[in-house]
Amino acid sequence: MDRALALPHGSALDAALSASLVFDVAHLFAGALVLISFLMLYQDRLYALLKVFALQAVVLALSVGWQALAQDAPHLYVTAAIALVFKAVVIPLALARMVKRLGIHRQVETVVSIGPTMLAGIALVALSLVVMLKATADVGGAADALAREDLAFALSVVLLGLLMMVTRRNAVSQVIGFMSLENGLILAATGAKGMPLVVEISVAFSVLIALIVIGIFLFRIRERFDTVDVDALDRFRGGRA
C-alpha cells in the first residue's frame, strides 16, 4: 500500500523537477539574449558589433531548439536551423563584407554616449518586465507562465534593438539593430507556442531579401555621398532644401 502511494508521489516529483528544468533553461537562454543586447549597445566598433550579433543569433537558435524540445514541436527545429545558418553565419559575413568594401572600419557613431544609452536600456528592460508581467497576470498554467515570462524577455530584446536603431548614426549599425529587433520577435513567437512552419520560412527569406536591398542602398549611398552616416545625410538634405 505504501509503495503504491509512493509511486504517484515520485512521478509528481519527477514532473515538477522536469518543469522546473524547462523553466530554468528557457529563462537562461532568454536572459542571455537580453544580456547580449546590452553587449551590442556597448560596442563601439563595427566588427565587434557583428561578432556580438552572431553570438546573439547562436543563443537564439539554442533557445528555439530548447522550446522545440519542451513543447514537443519538431517544426521549431527548422526555425532554430534557420537562425543558426542565416543569422549567425550568412548575415554577419555579408555585413562584414559590406563594411570592408565600403571602407567603414572606424568607430560606430552614436547620438548619445554609451553610459546614458545603457541606463536607457536598463529602464526599457524594467518597463518591459513590469508591463508584460502585469498585462498577462491572469494567465494560468506552467506552460502559459513560461510563455508570459519569455514574452517579457522578448519585449526587452525588441526595445533594446529599437534603442540601438535610435542611438546609432551609422546605417550598418542601424541594420544590425533591426536584425536584433527581429530576433526578439522570433523569441516571442516561439515562446508562445511557436509559429507555423510556412511563416518561419517566409520570415527568413524576407529578412534575406531585406538584407540584399539594404546592401544595395548602402553601396549606392556610399557612392553618392561618400558616407553612410545618417546624420551627415540629414545635413545634406537640409542643405539641398
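How many helices and how many strands are there in the protein? There are eight helices and zero strands, so the pattern read along the sequence is simply α-α-α-α-α-α-α-α. Here helices (H or I, at least four residues) and strands (E, at least two) are DSSP runs, numbered from the N terminus. The model is a predicted one, in which local features need pLDDT of at least 70 and side-chain atom pairs count only at pLDDT 80 or more, while totals for chains, interfaces and linings use all residues. Residues are numbered from 1 along each chain as its sequence is written, and side-chain values use heavy atoms, with hydrogens and water left out.

Of the 241 residues, 44% count as buried; buried means under 20% relative accessible area, exposed over 50%, and partly exposed in between (1.4 Å probe, protein chains only). A contact means heavy atoms within 4.5 Å. Among contacts with a separation of 6 or more, 77% come from residues 24 or more positions apart.

Now for how the helices pack. Two packed helices are described by the angle between their axes and the distance between the axes. The axes are lines fitted to C-alpha atoms, for helices over the stretch in contact, and angles run from 0 to 180 degrees between N-to-C directions. Angles under 35 degrees count as roughly parallel, over 145 as roughly antiparallel, 65 to 115 as roughly perpendicular and the rest as oblique.

Take α2 (residues 46–71) and α3 (residues 75–102): their axes come within 7 Å and cross at roughly 175 degrees, so these two helices are roughly antiparallel. Their contact holds 23 nonpolar, four polar and two charged residues. For these classes, Ala, Val, Leu, Ile, Met, Phe, Trp, Tyr, Cys and Pro count as nonpolar, Asp, Glu, Lys and Arg as charged, and the others, Gly among them, as polar.

Helix α6 (residues 171–191) has 21 residues and reaches 31 Å from its first C-alpha to its last, close to the 30 Å expected at 1.5 Å a residue. That expected span is 1.5 Å times one less than the number of residues. Helix α6 is mostly covered, with 19 of its 21 residues buried.

How does α6 sit against its partners? With α2, the axes come within 10 Å and cross at roughly 10 degrees, which makes the pair roughly parallel. Residues in this contact include Phe53 and Leu60 of α2 and Ile176 and Ser180 of α6. By class, the α2 contact with α6 has 11 nonpolar, nine polar and no charged residues. With α3, the angle is about 175 degrees and the axes are 12 Å apart, so α3 and α6 are roughly antiparallel. Among the residues involved are Leu95 of α3 and Ile176 of α6. The contact of α3 with α6 divides into nine nonpolar, three polar and two charged residues.

What about the inside? The largest nonpolar core has 44 residues, and those with the most contacts inside it are Met40, Leu60, Leu95, Leu160 and Ile176. Such a core is a set of buried Ala, Val, Leu, Ile, Met, Phe, Trp, Tyr and Cys residues joined through side-chain atoms within 4.5 Å. Helices α1 (2–42), α2, α3, α5 (142–167) and α6 each supply at least two of its residues. Leaving aside residues up to four places away in sequence, Met40 touches Leu49, Val52, Phe53, Gln56, Met164, Arg168, Ile176 and Ser180.
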